[in-house]
Amino acid sequence: MQRKPPKRSAWNRYTESYEQIRTLLEWGRVDLALVSDIEGLSPLATGDWSQFSVLPEPITRFTLHHYLNRKHASLAEQLANVLAEMEEEGLKARLRKLTLSEQKDGEW
């Protein structure tokens, strides 16, 4: 089931990609954009966004959670353990670094 985006108004725009957000800013179609930075993965880290001013602190912070379908509920504890292990072994940091290095032309 696909969610419908909220109703559009003269005051907000909803986009499908960071590329669209950047284009709207470049063309002066919007004055402000909200962009996520999850685990240090953000399009703002690329040179394509250097022309814009970025607030020094996030507007808000929140916690993300992994969700499993009920039919996989028996895997929840195992998944939590594997994720904790990945963190302890530095695998998450290495994957994050690899993801950033493979990013092409600011595409997300």
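**Ground rules.** I am reading a predicted model, in which local features need pLDDT of at least 70 and side-chain atom pairs count only at pLDDT 80 or more, while totals for chains, interfaces and linings use all residues. I also kept in mind that residues are numbered from 1 along each chain as its sequence is written, and that side-chain values use heavy atoms, with hydrogens and water left out.

**The chain.** I looked up the secondary structure, taking helices (H or I, at least four residues) and strands (E, at least two) as DSSP runs numbered from the N terminus, and found three helices and zero strands, in the order α-α-α along the sequence. Of the 108 residues in the chain, 11% are buried.

**Arg-22 and its partners.** I returned to Arg-22, which lies in helix H1, and asked which residues it touches once neighbours within four places in sequence are set aside. I found Asp-48, Trp-49 and Phe-52 in contact with Arg-22.

I next searched for salt bridges, each a side-chain nitrogen of Lys or Arg within 4 Å of a carboxyl oxygen of Asp or Glu, and the count came to four. One of them joins the side chains of Glu-19 and Arg-22, at 3.2 Å from N to O. The two side chains also make a polar contact of 3.2 Å, a term I apply to a pair of N or O atoms within 3.5 Å, where within protein one must be able to donate a hydrogen and the other to accept it, and residues adjacent in sequence count only if both atoms are side-chain atoms. Glu-19 and Arg-22 are about one helical turn from each other, because they stand three residues apart in helix H1. I recorded Glu-19 as partly exposed, at 38% relative accessibility.

On another side of the list, Glu-26 meets Arg-22 in a salt bridge of 3.4 Å, N to O, and these two residues of helix H1 are four residues apart, about one turn of the helix. I noted that Glu-26 is partly exposed, with a relative accessible area of 40%.

**Another pair.** I then checked Glu-57, which forms a salt bridge with Arg-61, their closest N and O atoms being 3.3 Å apart. Both Glu-57 and Arg-61 are exposed.

Lastly I asked where Leu-55 is found, and I placed it in the loop between helix H1 (18–26) and helix H2 (76–88). Leu-55 is exposed, at 57% relative accessible area.

Notes. Buried < 20%, exposed > 50% of the residue type's maximum accessible area, 1.4 Å probe, protein only. Contact = heavy atoms within 4.5 Å.
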